[in-house]
Amino acid sequence: MQDLATKFANLTIQSDFIFKKVMSRKRICKHLLEELLQIEIADINYLEAEKTLEPEYTSRGIRLDIIVADDKNTHYNLEMQVKNNKNPDTDTYVLPKRSRYYQALLDIDLLQKGQPYDLLPPTFIIFICVFDFFEQDNYVYTFKKCCLENRELELPDKATTMILNTKGTHGDISQDIKSFYDYVNNHIVTTDFTKQIDDEISYLKLDTKVRREFMLMEARLLDERREGIAEGKEIGLVEGEAIGLAKEKLATAKRLFSMGLSVQDIAKATSLPIEQVEAMQTEQACR
């Protein structure tokens, strides 16, 4: 528990837990969106912080950090991304397909059964990355669908994906967004906006309920990881026993062949499929 207490004391805005708590403060989240998009927002409503979307039990669920809607019914999903993860099986970065999946499940959640498609509201999927995914040094990368034959022709589906690069050096962003980037990267307070964020984090760390919530969450995640490891070891043990048993049956079959037993008797004695025993007989005859 002491390790968890130390971990909690050292949390920064890069932590999903702290990021969610800070962005759950309306004045901070609203101002961040206004400065980022250079718009005025009268008000925002929280649909649910850290919402889990699972449309089907066979589908992969996602846990969204912050989902808000403004007074014009534009929906925003804010996510903190600390690691530029790769799929080890395909050696490809997961962020692009992840943004696609987030958008799809968010749309499904926003449109009720039987409602027409044109009721889908405008959406912004916003990833705050502490790395430069595209390595172009831009502060912001904004994506909408356009026609390949005419780049000026845009598909008006009102879905936007923004990948923020806190390490960026190029582009036009407000002073508050730049200060926010500096705060995310280095915990440097340079403006009133980042002071509000820093003060909020300090208050959160003094809140015993928040501290208890974090420690319970971490303990639960640790238990889940331990259960997963134990389950993996158990599966490995079962698979190992199955492989060993199969090898033992094959060795027994070979010994019975050398003793002159028939294919049918060997199959019965070892519980091997008769086709497999016949294949072994053919293999031995060729030697």
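Which residues does Ile-13 touch, not counting residues up to four places away in sequence?

## Nonpolar cores

Ile-13 touches Ile-18, Phe-19, Val-22, Met-80, Tyr-183, Val-184, Ile-197 and Ile-201 when residues up to four places away in sequence are not counted, a contact being heavy atoms within 4.5 Å. This is a predicted model, in which local features need pLDDT of at least 70 and side-chain atom pairs count only at pLDDT 80 or more, while totals for chains, interfaces and linings use all residues. Residues are numbered from 1 along each chain as its sequence is written, and side-chain values use heavy atoms, with hydrogens and water left out.

The largest nonpolar core has 55 residues, and Ile-13, Val-22, Met-23, Ile-126, Phe-180 and Ile-197 have the most contacts inside it. Such a core is a set of buried (under 20% relative accessible area, 1.4 Å probe, protein chains only) Ala, Val, Leu, Ile, Met, Phe, Trp, Tyr and Cys residues joined through side-chain atoms within 4.5 Å.

## Helix α5 against α6

Helix α5 (residues 175-186) packs on α6 at an angle of about 40°, with the axes 8 Å apart; the axes are lines fitted to C-alpha atoms over the stretch in contact, and angles run from 0 to 180 degrees between N-to-C directions. From α5, Asp-176, Ser-179, Phe-180 and Tyr-183 meet Phe-193, Thr-194, Ile-197, Asp-198 and Ile-201 of α6.

## Helix α3 against α6

Helix α3 (residues 26-37) and helix α6 (residues 192-206) have axes 11 Å apart and pack at about 145°. Here Arg-27, Ile-28, His-31 and Leu-32 of α3 meet Phe-193, Gln-196, Ile-197 and Glu-200 of α6.

Technical notes
Helices (H or I, at least four residues) and strands (E, at least two) are DSSP runs, numbered from the N terminus. Buried means under 20% relative accessible area, exposed over 50%, partly exposed in between (1.4 Å probe, protein chains only).
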